[in-house]
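Please keep the sequence and the model at hand while reading.

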Amino acid sequence: MSVNNLKPTLDEEKQQELMAKYDREFTYRKLTGLLGKMVFVIAIVWSLWQLYTATFGLKPPTIQRGVHVGFGLVLVYLLYPLRTSDKSNKVKWYDFILLAASIVVVGYHVLNFEDLLFRAGAYTQTDMIISIIAVILVIEATRRVAGPVLITVSGTFLLYAFFGNFVPGYFSHGGYSLQRIATYAWISTESILGTPIMVSSTFIFLFLLFATYLKMTGIGDWLTDLALAIAGHTTGGPAKAAIVASASQGTISGSSVANTVGTGSVTIPLMKSIGYRSEFAGAVEAAASTGGQLMPPVMGAAAFIMTEFTDLPYVTIALAASIPALLYFTGIFIMVHLEAKKNGLEGIPKSQLPKAKKLLKEKWFLSIPIFIIVGRLVVGKTPMNAAIWGIASSILIGFINSFVDKDQQFGIKEVIKGLEEGARSALPVVMACASAGIIVGV
């Protein structure tokens with residue numbers, strides 16, 4: 001049995017089906033024709049907007065954050081159906097209404113931001129109506145892309161703001177009017193357009209774009225091969241390789257499900273082939289991939305938000321996260337080793353595994369973008385600056401890899417495709433940050 005023969009066991013289409021089954025963010029429509037082209041253009045323009053403002057200077061907070069949320073709302077209502085069970089891949093009439101409403105509320109905020117700023121606290125009835133619509137649009141978009149849990153929490157906070165006078169004890173307050181709640185939630189920069197969206201509209205989006213380009217350069221497959229070469233021949237080797245691969249891929253991926261599918265398509269069949277139970281093999285891969293969100297330098301969105309709330313440099317958060325991350329993976333590693341010893345499970349012969357020296361000799365340069373982004377953070381540069389350098393270096397490495405490895409395609413077409421995929425991957429984060437802002441605002 002050869003490791004290379006196992007790699008095609010899960011093609012890209014099957015991966016998408018699995019991710020859509022277990023992760024709401026992958027239940028999007030597969031649009032074609034004019035609407036497909038519309039999504040493609042909107043996503044690329046969004047990515048270019050983020051790159052432009054990060055490179056040449058951020059716009060005023062209302063414009064920077066409002067445009068960011070606007071792009072997110074438009075793409076969500078084009079791509080995500082009302083119900084996950086809807087597999088028709090058709091945008092319904094009411095989705096177009098919600099899309100148009102999204103453009104109106106964001107356009108109203110951006111075009112009138114100076115007037116809204118000067119009449120703060122004395123908002124008009126039109127301001128209130130626009131704000132109410134905006135809050136509803138954000139909550140519905142969050143439900144479609146992230147599920148009901150977050151909107152339940154944010155909705156509870158909105159009800160608390162309105163009916164606080166009925167709450168007994170310490171948490172009681174006089175209650176706020178509908179106008180006060182709605183306008184504060186949308187027009188101010190302390191709620192939906194508050195700190196979470198500020199972080200999302202500056203460097204979270206860029207880190208997601210960076211991760212997209214890293215995966216497109218082939219670094220994910222290279223890390224999986226390297227993990228197999230290092231640990232595949234040891235006791236219970238494939239399971240240990242799964243842990244190493246998930247930890248290493250976790251440095252560039254913020255999605256546990258995508259991490260599981262990407263590495264699991266190789267490691268789970270290998271674990272089963274040497275005697276691991278199917279349930280145990282799946283559990284190892286799922287647990288290891290979940291820990292990828294803790295693995296610096298690119299972690300989940302919460303890490304970036306922590307830097308703003310705590311006023312600590314991102315590198316400090318990342319260094320602190322490295323300790324629990326290493327402990328987490330060490331714990332899984334020990335359990336896998338004990339299970340292998342208990343059942344007498346050996347590794348895979350070295351002759352059937354990739355050669356570590358060869359991988360490092362031929363593809364060592366694939367790791368350069370990760371070292372660059374870590375280096376920029378360590379020397380005190382902002383996360384936004386580090387992300388820009390990381391994106392530029394990953395694109396350059398992609399071109400180099402396409403010359404070194406003829407099987408790895410990376411050109412202008414892939415650069416443009418990366419802009420689209422990066423924008424798509426940001427949708428769950430943008431909507432989650434917007435709804436989290438409601439909670440912060442209340």
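A residue is called exposed when its relative accessible area is over 50%, buried when that area is under 20%, and partly exposed in between. The model discussed here is predicted.

The structure contains 12 aromatic pairs. One of them joins Tyr170 and Phe171: the ring centres are 5.5 Å apart and the planes stand at 85°, so this pair is edge-to-face. The cut-off behind that label is an angle of over 60 degrees between the planes. Phe171 has a relative accessibility of 55% and therefore counts as exposed. Tyr170, at 77%, counts as exposed too.

Another pair is formed by Tyr328 and Phe329, whose ring centres are 5.6 Å apart; with the planes at 90°, this pair is edge-to-face. How do the two residues stand in terms of accessibility, buried, partly exposed or exposed? Tyr328 has 30% relative accessibility, so it counts as partly exposed. Phe329 has a relative accessible area of 7% and is therefore buried.

Two arginines are placed over aromatic faces. Which ring does Arg376 lie over? Arg376 lies over the face of Trp389, and its distance from the ring centre is 4.1 Å. Arg424 lies over the face of Tyr28, at 5.2 Å from the centre of that ring.

Terms used:
Residues are numbered from 1 along each chain as its sequence is written. This is a predicted model: local features need pLDDT of at least 70, side-chain atom pairs count only at pLDDT 80 or more; totals for chains, interfaces and linings use all residues. Side-chain values use heavy atoms; hydrogens and water are left out. Rings of Phe, Tyr and Trp (its six-membered ring) pair if their centres lie within 6.5 Å; planes under 30 degrees apart count as stacked, over 60 as edge-to-face and the rest as tilted. Buried means under 20% relative accessible area, exposed over 50%, partly exposed in between (1.4 Å probe, protein chains only). A charge sits over a ring if NZ of Lys or CZ of Arg is within 6 Å of the ring centre and within 35 degrees of the ring normal.
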